[in-house]
Amino acid sequence: GRPRLGNWVRRVLCLAVMAATGLLPGMRQGLVAQLAIILAITGPGAGKDVGKRPSWEDATCPGSVRLDGYGHAQIVPTGWKSMAVKGGDAIVHMGGRAYFADTCTAGHYDHKQYLALNLLGKTMRFSTDISGTHCGCNAALYLTSMAQNTHESECFDYYCDANNVCGESCAEIDIMEANMHAWHSTLHAAHDHSGLGEGFGGGGSGWNGPRDWSIMDYGPGRRCIDTSKPFEVAVEFPVDYNKQLSAMAMTLTQQGSACPLTATISSYPGMAELSQALKAGM
């Protein structure tokens, strides 16, 4: 009952390189999707592909990665671009987004092909190296309900999230939205744009990101998590006596560091909705 994502994000620049390893004990590399697991790199100027249906005549499937405890998962990129698989590593470039799927059909998207894993009562673990992702970059790993979305969306790939990015809303669990200076983990019911999150860093005109850790804890050369080096992440989805989601608990650790960083989101009004979404598979 303790899924393992393994060496997930190995390397990420603002032209980002991400390598994922498994979701359950025994899987090798990949992004995960239970409501659909999504890997993305965004930054200033990165947007969505919407509007007139594009031509994908030259589309190719990048390849597959191995997920510990599950098997092989196909990587399906949005727009059939900004994504490659080399040596078992998923390589994502700026503005790229990709989904885990059981099957990839080049030039064709089918929501029934996306992975749908139930993580209730389980723990996902992965390694990440986000050195090189500076302010304005967002290296993200998250779950959404794409497998259940029957509308192809404005992006033509059945993408959905809580911010209605491609015109379709659904539940979203942001395990990791990060760069070298910030880390956010957030729960979103389908129509809750802001959600409830914890972590450290970020902000802008009229808002500040969470400050559950300090600037001495997380960042380049910091004492607990030095983001210029790889570190480990574990995300737990514990359940209560009714087998409903009770929290999302994050733990960040690093070799040679004696101070793991933790963040737990437990008092979220949309927990019942997210329980059902996880149970259906994200």
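At 62% relative accessibility, K112 counts as exposed, where exposed means over 50% relative accessible area, buried under 20% and partly exposed in between, computed with a 1.4 Å probe on protein chains only. The side chain of K112 meets that of D110 in a salt bridge, at 3.2 Å from N to O. A salt bridge here is a side-chain nitrogen of Lys or Arg within 4 Å of a carboxyl oxygen of Asp or Glu. The model is a predicted one, in which local features need a pLDDT of at least 70, side-chain atom pairs count only at pLDDT 80 or more, and totals for chains, interfaces and linings use all residues. Residues are numbered from 1 along each chain as its sequence is written, and side-chain values use heavy atoms, with hydrogens and water left out.

How confident is the predictor along the chain? The average pLDDT is 84, and 83% of the residues score at least 70; pLDDT is the predictor's confidence in each residue, on a scale from 0 to 100. Over residues 1-35 the pLDDT is below 50, yet this stretch has 213 contacts in the model beyond near neighbours in sequence. A contact means heavy atoms within 4.5 Å.

In the whole structure, three salt bridges were found. One of them joins the side chains of D157 and R97, at 3.9 Å from N to O. This pair links distant parts of the chain, with D157 in the loop between β9 and β10 and R97 in strand β7 (residues 97-101), 60 residues apart. Strands, like helices, are DSSP runs numbered from the N terminus; a strand (E) has at least two residues and a helix (H or I) at least four. Both D157 and R97 are buried. Another salt bridge brings together the side chains of R223 and D217, at 2.9 Å from N to O. Here R223 counts as exposed because its relative accessibility is 56%, whereas D217 counts as buried because its value is 10%.

Strand β8 (residues 123-128) is largely enclosed by the rest of the structure, because five of its six residues are buried. Its antiparallel pairing with strand β17 (residues 231-236) runs over six bridges, and two strands count as paired if DSSP finds at least two bridges between them. Within this pairing, T128 has F231 of β17 as its bridge partner.

Which residues touch the most other members of the largest nonpolar core? They are I173, W183 and Y218, in a core of 39 residues. Elements giving two or more residues to this core are β8, β9 (138-144), β10 (172-179), β11 (182-188), β17, β18 (248-253), β19 (261-265) and α1 (271-280). A second, separate core has 21 residues, including A59, Y109, Y142 and M146. Such a core is a set of buried Ala, Val, Leu, Ile, Met, Phe, Trp, Tyr and Cys residues joined through side-chain atoms within 4.5 Å. In soluble globular proteins, nonpolar side chains tend to be buried together.

Seven aromatic pairs were found in the whole structure. Rings of Phe, Tyr and Trp (its six-membered ring) pair if their centres lie within 6.5 Å; planes under 30 degrees apart count as stacked, over 60 as edge-to-face and the rest as tilted. Y99 and Y114 form an edge-to-face pair, 5.3 Å centre to centre with 75° between the planes. Because Y99 lies in strand β7 and Y114 in the loop between β7 and β8, the pair ties together parts that are 15 residues apart in sequence. Y99 is buried, with a relative accessible area of 0%, and Y114 counts as buried at 4%. The rings of Y218 and F231 are also edge-to-face, because their centres are 6.4 Å apart and their planes lie at 80°. This pair links Y218 in strand β15 (residues 218-219) with F231 in strand β17, 13 residues apart. Y218 is buried at 1% relative accessible area, and F231 counts as buried at 1% relative accessibility. W183, W213, Y218 and F231 form one aromatic cluster.

S153 has a positive phi, near 75°. S153 sits in the loop between β9 and β10 and counts as buried at 11% relative accessibility. K243 has a positive phi near 60°. K243 is found in the loop between β17 and β18 and is exposed, with a relative accessible area of 62%.
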